[in-house]
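Dear colleague,

Please find the structure below, handed over for your review.

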Amino acid sequence: MRKIQKIGFIGLGVMGEPMCRNLTRKAGVPVLAFDLNAGPLERLASEGATIAASPAQVMQQCDVIFLSLPSGEVVAKLARDAGGLLEHASAGQIVVDLSTSAVDTTRALAAEFAARQAHLVDAPVARTRAAAEAGTLAVMVGASPELFSRVEPLIATFASDIALCGPVGCGQVLKILNNMVLFETVVAVSEAKAIGERAGVDPDVLFNTLSMGSADSFALRNHGMKAVLPGAFPERAFSVRYAQKDLHYALQLAQQTGVDARGAKVVDGWFNEAIAAGKGENYHPVISTLMTHGKA
C-alpha cells in the first residue's frame, strides 16, 4: 500500500463541502479539491485546501480520492469517460465513493479499478448537512479489512459512527436499506398525523405521545417533529427527487434478490404524486401534505 501524502476530493455540494472542510482541517495531509462551482472552492481555499483544475489532476496527484456526487450514474460517467478517473488511476490508489450508488454499479466499477491495480471503497454517508459540518456523520463502508484500516482515520474526520459492512458494495446495501426503512417510516408518521388530526387529536400531543411508546423512532423525532409537524419542507435539503433516486436503488436491489418490497412501492407512489404536484425539490417529508390537502 502506498503512503498517503495527498488527499483528493471531488464534489463539493451540500454534503461534500463540509466533509472536505473537515478533512482539510483534521487529516494532517494536503487536500486537493475539485468542483464545477467556484463558491465552495473559494471557501475551502481559505481553509487551506488547494483548488484542482480538473478531476484528472486530482487523480494524477492524490493517493486517496473521495467522491461526493449526486448519484451512481454520475460516478460511473466520471470514472468511465475519456480522460476520467479510470484512465488516470494508478497502482495502490484508493477511491472512496461517499455517494449513494446502485450496488451492481459499485461492484462493476470496483472490478474496473482493480484491473488498473487501484481500489474502490464504497462509503455512503447518512445523517444531515449539520452532521457533516459537525463531523458526526454515519458512514457505511464496503471494503476489505485492510483497505478499511487505511481509510477509517480519514473518514473519522467527518464521521462519528463508521461501520465496516462487508466487502465492496455492502456499504451501499446498508445505506440503501437504511433510507428505504426511513422513507417507509416517514409515510407511517405522516399517515398517523393526518388520521389523528382529523379524528380530533392535537398533532403536538399525537407526536409527543407516540414518542413515549413503541412507535418512537428517529423518523418520528426528526422528520415528524421537525418537518411534518411545523410544515417545514425547504429546498436544498434531501429532496423528493433525491430520495426517490435512493428508493429506486432499493427497489432494484429487491427485484434482483427476489423480494416483494411492497412498502417501498407505496413510498414510490407518494414520491411520484409529490413530483406531479410540483414538490419534487422540497424536503421529502413534504409527501405528508398530500395526505390531507390532495395534490394542490
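Helices (H or I, at least four residues) and strands (E, at least two) are taken as DSSP runs and numbered from the N terminus. The model is predicted, with local features needing pLDDT of at least 70 and side-chain atom pairs counting only at pLDDT 80 or more, while totals for chains, interfaces and linings use all residues. Residues are numbered from 1 along each chain as its sequence is written, and side-chain values use heavy atoms, leaving out hydrogens and water.

A cavity is a set of points, on a 1 Å grid over the protein atoms alone, where a 1.4 Å probe fits but cannot get out; its lining residues have an atom within 4 Å of a point. Points are joined across faces, edges and corners, and the volume is the space filled by probe spheres set on them. The count is one cavity of 30 Å³ or more, and the largest cavity holds about 30 Å³. Its lining consists of Ala102, Val103, Asp104, Ile176, Tyr249, Gln252, Leu253 and Gln256. Two or more of these residues come from each of helix 6 (103–114) and helix 12 (240–257), and helix 12 gives the most, with four.

Aromatic rings

Rings of Phe, Tyr and Trp (its six-membered ring) pair if their centres lie within 6.5 Å; planes under 30 degrees apart count as stacked, over 60 as edge-to-face and the rest as tilted. There are four aromatic pairs. The Phe183 and Phe271 pair is edge-to-face because the ring centres are 5.6 Å apart and the planes stand at 75°. This pair links helix 9 (residues 170–198), which holds Phe183, to helix 13 (residues 262–276), which holds Phe271, across 88 residues. Ring pairs also join Phe9, Phe66 and Phe158 into a cluster.

Yours sincerely

Definitions and conventions. 1 Å grid on protein atoms, 1.4 Å probe; cavity = no way out; pocket = protein on both sides within 12 Å on 5 of 7 lines; lining within 4 Å.
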